[in-house]
Amino acid sequence: RNMDEALTLAEHASVADRRAGAKARGKLLGFGFSTYTEPDGFKDNRVSMQFDPTGQLTVTLTGHTNGQGHKTTFSQIVADKLGLPFNNITVVQGDTDRIGPGSGSGGSRTTTVAGGAIHYGALEIIDKGKQIAARMMEASAEDIAFESGQFVITGTDRSIDLAAVAVASFNDANVPENLGLGLEAANHYVARTYSFPCGCHVCEVEIDQDTGMVDVTRYQMVSDFGVVINPMLVEGQLHGGVVQGIGQALNEESVYDSDNGQLITGSGMDYWTPRARELPNFDWAVNETRCETNPLGVKGCGESGPTAALPAVINAVVDALAPFGVTHIDMPATPERIWRAMNKGNA
């Protein structure tokens with residue numbers, strides 16, 4: 001399904017027309033795609049969730065963002081599980097001094113493992129909150145349901161919200177004897193089974209026959225990341241990852257001289273990374289197949305961009321060079337390397 005939808009999004013049926021148009025402009029058009037399945041969602045993450053006496057919740061994690069927008073993602077998970085507004089939630093990341101060791105972030109897994117810990121921590125808070133709410137409303141804990149941030153006596157219109165229960169939990173008159181003061185939870189979640197995000201990326205390039213210069217003119221992708229928590233953050237990670245993959249496929253290379261091993265590409269003036277003006281808009285869509293190996297149903301997305309972009313781009317380059325008998329080219333497919341391939345030199 002991912003491949004079918006990606007090829008439709010890429011207008012594969014009309015690629016011959018675009019190829020003819022490129023040829024009329026002295027360009028070689030190449031069309032390439034790749035499919036991928038990636039195992040992730042492994043290892044562990046430790047999370048603590050603690051209300052203060054004013055009803056503010058602090059969530060502390062051993063995982064730490066390096067640009068993915070984790071604070072927003074984790075706040076959304078908490079808000080969904082506990083029915084709290086965003087301004088009641090503070091997320092603290094990477095503070096192992098406060099909560100103990102965990103394996104941190106990496107491997108497109110942090111939402112899976114930290115999100116799993118938040119899920120089970122939220123269940124613990126709800127369970128304790130039911131006992132406090134029951135005492136406050138003079139009911140049995142078995143008759144208390146939790147819905148959208150409210151503890152409700154089943155079959156009645158009597159309720160009390162979670163923040164109020166959290167504030168009340170610091171008064172021993174409201175807390176059963178088997179519980180300590182305060183409302184908090186901790187969970188060290190370990191993912192024992194992988195999740196498997198998958199997808200298809202399609203790339204279209206035009207190559208200048210005289211210089212070997214490559215322009216990426218079109219790029220489409222359809223992916224399955226399980227339950228998508230924040231589509232905008234997913235799109236941002238895809239954009240960054242695809243650009244990283246395009247750079248590795250076409251441009252980025254550490255070059256040393258042959259005499260002394262001196263690094264020649266020693267600065268950003270020499271090391272060629274992609275820039276926005278050199279890239280097209282990316283078209284994307286998702287298929288949400290709920291993952292069955294974690295409680296949130298999520299799959300990783302952070303590494304999907306470069307994982308799929310590398311073969312998609314190179315396949316497009318090789319397709320463009322097919323009239324010259326080229327069936328393989330090493331990365332990075334620089335203009336010089338492409339020019340040599342077209343002119344029967346060493347690719």
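Which residues in α3 meet which residues in α5?

## Packing of α3 and α5

The model described here is predicted. On the α3 side, the residues are His70, Thr73, Phe74, Ile77, Val78, Lys81 and Leu82, and they meet Thr110, Thr111, Ala114, Gly115, Ile118, His119, Ala122, Ile125 and Ile126 in α5. By class, this contact has nine nonpolar, six polar and one charged residues. An α-helix has 3.6 residues a turn, so residues three or four places apart point the same way.

Helix α3 covers residues 70-82, and its axis lies 10 Å from that of α5 at an angle of about 30 degrees. Angles under 35 degrees count as roughly parallel, so α3 is roughly parallel to α5. The crossing of α3 with α5 is right-handed.

## Helix α5 and its two ends

Helix α5 has 28 residues. From the first C-alpha to the last, α5 reaches 39 Å, close to the 40 Å expected at 1.5 Å a residue. Glu138 follows α5 and has a positive phi, near 55 degrees.

Ser108 is in the loop between α4 (96-99) and α5 (110-137). Its phi is also positive, near 50 degrees, in a residue other than glycine. Ser108 counts as buried because its relative accessibility is 13%, and the cut-off for buried is under 20%.

## Packing of α7 and α8

Helix α7 (residues 231-250) and α8 have axes that come within 7 Å and cross at roughly 40 degrees. The two helices are therefore oblique to each other. The crossing of α7 and α8 is right-handed.

From α7, the contact is made by Leu238, Gly241, Val242, Gln244, Gly245, Ile246, Gln248, Ala249 and Leu250. From α8, the residues are Ser304, Gly305, Pro306, Ala309, Leu310, Val313, Ile314 and Val317. Divided by class, the residues of this contact are eleven nonpolar, six polar and no charged.

Ser304 is found in helix α8. Ser304 counts as buried because its relative accessibility is 0%. Which residues is Ser304 in contact with, leaving aside its neighbours within four places in sequence? They are Tyr36, Glu38, His201, Phe225 and Leu238. Leu238 is also one of the α7 residues that make the contact with α8.

His239 is found in helix α7. At 29% relative accessibility, His239 counts as partly exposed.

## Backbone exceptions

Most residues other than glycine have a negative phi, and most peptide bonds are trans. Lys43 is not a glycine, yet its phi is positive, about 65 degrees. Lys43 lies in strand β2, which spans residues 43-51. At 45% relative accessibility, Lys43 counts as partly exposed.

Where is Pro332 found? Pro332 is in the loop between α8 (304-320) and α9 (335-342). The peptide bond that joins Met331 and Pro332 is cis, with omega at about -10 degrees.

## Strand β6

Strand β6 consists of residues 150-153, and Phe151 is found in β6. Is Phe151 buried or exposed? Phe151 is buried, because its relative accessible area is 0%. Phe151 and Ala13 are 138 residues apart in sequence and 56 Å apart in space, C-alpha to C-alpha.

Gln150 is found in strand β6 as well. At 29% relative accessibility, Gln150 counts as partly exposed. Not counting residues up to four places away in sequence, Gln150 touches Ala145, Ser159, Ile160 and Asp161. Gln150 and Glu184 are 34 residues apart in sequence, and their C-alpha atoms are 17 Å apart in space.

Definitions and conventions: Residues are numbered from 1 along each chain as its sequence is written. This is a predicted model: local features need pLDDT of at least 70, side-chain atom pairs count only at pLDDT 80 or more; totals for chains, interfaces and linings use all residues. Side-chain values use heavy atoms; hydrogens and water are left out. Helices (H or I, at least four residues) and strands (E, at least two) are DSSP runs, numbered from the N terminus. Buried means under 20% relative accessible area, exposed over 50%, partly exposed in between (1.4 Å probe, protein chains only). Axes are lines fitted to C-alpha atoms, for helices over the stretch in contact, and angles run from 0 to 180 degrees between N-to-C directions. Angles under 35 degrees count as roughly parallel, over 145 as roughly antiparallel, 65 to 115 as roughly perpendicular and the rest as oblique. A crossing is left-handed if the near helix is turned anticlockwise from the far one by less than a right angle, and right-handed if clockwise. Contact means heavy atoms within 4.5 Å. Ala, Val, Leu, Ile, Met, Phe, Trp, Tyr, Cys and Pro count as nonpolar, Asp, Glu, Lys and Arg as charged, and the others, Gly among them, as polar. The expected span of a helix is 1.5 Å times one less than its number of residues.
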